[in-house]
Each structure stands twice: as structure tokens, then as C-alpha cells.
Amino acid sequence: MAMQMMTWLFAIPLLGLVTGMRTMTAMAVLCWFAYAGHLSVDDNWAAWSGKLVTAIIFTLLAIGEYIGDKLPKTPNRTAPFPLIARLVFAGLVGAIVAAGLNGSGMEGVILCVSGALVGTFASFLIRREIVTRRGGKDWPVALIEDVSAVFCAILAMGIVTG
């Protein structure tokens, strides 16, 4: 019971937080966990997320996002289109995890989207503050954010599949 509570109240919002930082990272990590058989999605609507091709596609999208994030013309994650994309993908991640756990899809969506809202604005403000205080370049902070997103997504999925 405690582990189930930890999954719903910590791991799913953490996946949302990661989605707020990097839109495709949580989805890519989730797909690899599903493909490896750690998240049981074979017998429900989310079965497509456990396919190798899906994991590869979302991994490539995540890598593309890591590269695009460092480009000077990339819009802020708080701009309307990037924010909406983050919320949509967070909802999808939350629904897939809930399906894999045979839980309420709506709860998964709400928890993950809430985490994404926090992650989007908090990571934007923290990154901006660090760059301003350091008076340096943005890309080293962005690289740390990339690594943090991957680490947190793996941690969250480890709790989910624990």
C-alpha cells in the first residue's frame, strides 16, 4: 500500500516535472521501461508504448529536444505552444502509467499534468536565475538540466515498476 501511494503521489508527479523540463524525456524513458516489460501495458490501449519502434522514436525526439534546447532561437518553454505540448505529453505519460498500474487514468493525467506545470515554470525560473547569477553561458546549465531530467525519469519509473 505504501509503495502504491508513493507511486501515485511522488513518481507520477515526478514524471510530470520531468516533462515540464524536457517534453520527450519522460515519454522516452517510460517507453523503454514498457518495452523491457517492467510496465505492463500489453493488454490495454497503451500497448503501443511498449514497442521497440516507439521507444526508439521517442528517444530520437528527446535527443533532438536536447539539441534544440541549446539553440538561440528556441522559444521559452513557458511560451504557449511549448507549454501546451508539455501538458499534452504529461497527460499522455500519466494516462499510460495509470493504465500500466490498472489505476484511474484521470488521476494519472491530473497528477502528471500538475507536475508538468510545476516543472515547466520552476525549471525555467531556476535555470534563468543560475545563468544570471553565474553571468555565463546557458548551455552548461542546460546540460545539467538534461542529465537531471533523465535521472529523475529513470528514478520515477523505477518507483512505478518497483
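**Notes on the model**

Modeller: Leu52 is found in helix H3, where helices (H or I, at least four residues) are DSSP runs numbered from the N terminus. This is a predicted model, in which local features need pLDDT of at least 70, side-chain atom pairs count only at pLDDT 80 or more, and totals for chains, interfaces and linings use all residues. Residues are numbered from 1 along each chain as its sequence is written, and side-chain values use heavy atoms, with hydrogens and water left out.

Colleague: Is Leu52 buried or exposed, or in between?

Modeller: Leu52 is partly exposed, at a relative accessible area of 36%. Buried means under 20% relative accessible area, exposed means over 50%, and partly exposed is in between (1.4 Å probe, protein chains only).

Colleague: Which residues make up the nonpolar surface patch?

Modeller: Trp32, Tyr35, Leu52, Ile56, Leu60, Ile63 and Ile67 make a patch of about 650 Å². Patches are made of residues with over 30% relative accessible area and no salt bridge; like charges are joined within 9 Å, and nonpolar side chains (Val, Leu, Ile, Met, Phe, Trp, Tyr) within 5 Å. The areas come from the Shrake-Rupley method with a 1.4 Å probe, and for residues only the protein chains shown count as cover.

Colleague: Which helix gives the most to it?

Modeller: H3 does, with five residues. Helix H2 (25-35) and helix H3 (52-69) each supply at least two residues of the patch.

Colleague: Pockets next. How much space lies in the largest pocket?

Modeller: About 580 Å³. On a 1 Å grid over the protein atoms alone, a pocket is an open set of points where a 1.4 Å probe fits, with protein on both sides within 12 Å along at least five of seven lines; lining residues have an atom within 4 Å of a point. Grid points are joined across faces, edges and corners, and a volume is the space filled by probe spheres set on the points.

Colleague: What lines the largest pocket?

Modeller: There are 23 lining residues, and Asp69, Thr74, Pro75, Asn76 and Arg77 lie nearest the centre. The lining divides into 10 nonpolar, four polar and nine charged residues. Here Ala, Val, Leu, Ile, Met, Phe, Trp, Tyr, Cys and Pro count as nonpolar, Asp, Glu, Lys and Arg as charged, and the others, Gly among them, as polar. H4 provides the largest share of this lining, five residues.

Colleague: And the second largest pocket, what is its volume?

Modeller: About 190 Å³. It is lined by 13 residues, and the closest to its centre are Met21, Ser123, Ile126, Arg127 and Glu145. H5 provides the largest share of that lining, seven residues. By type, the lining has eight nonpolar, three polar and two charged residues.

Colleague: Glu145 came up there. Which residue does its side chain meet in a salt bridge?

Modeller: Arg22, at 3.3 Å, N to O. Glu145 lies in helix H6 and Arg22 in the loop between H1 and H2, so the pair ties together parts that are 123 residues apart in sequence. A salt bridge is a side-chain nitrogen of Lys or Arg within 4 Å of a carboxyl oxygen of Asp or Glu. Both Glu145 and Arg22 are buried.

Colleague: What about Asp69, which residue is its partner?

Modeller: Asp69 forms a salt bridge with Arg127, with the closest N and O atoms 2.9 Å apart. Asp69 is in helix H3 and Arg127 in helix H5, 58 residues apart. Asp69 counts as buried at 16% relative accessibility, and Arg127 counts as buried at 9%. Salt bridges that share partners join Arg22, Asp69, Lys70, Arg77, Arg127, Asp138, Glu145 and Asp146 into one network.

Colleague: How many salt bridges does a search of the whole structure find?

Modeller: It finds 11. Another of them joins the side chains of Glu65 and Arg86 (3.8 Å, N to O).

Colleague: Changing topic, what is the phi of Asn102?

Modeller: Asn102 has a positive phi of about 55 degrees, although it is not a glycine. Most residues other than glycine have a negative phi. Asn102 is found in the loop between H4 and H5 and counts as exposed, at 69% relative accessibility.

Colleague: Last one: is Val160 buried or exposed?

Modeller: Val160 is buried, with a relative accessible area of 9%. It lies in helix H6. The C-alpha atoms of Val160 and Gly100 are separated by 9.3 Å, and the two residues are 60 residues apart along the chain.
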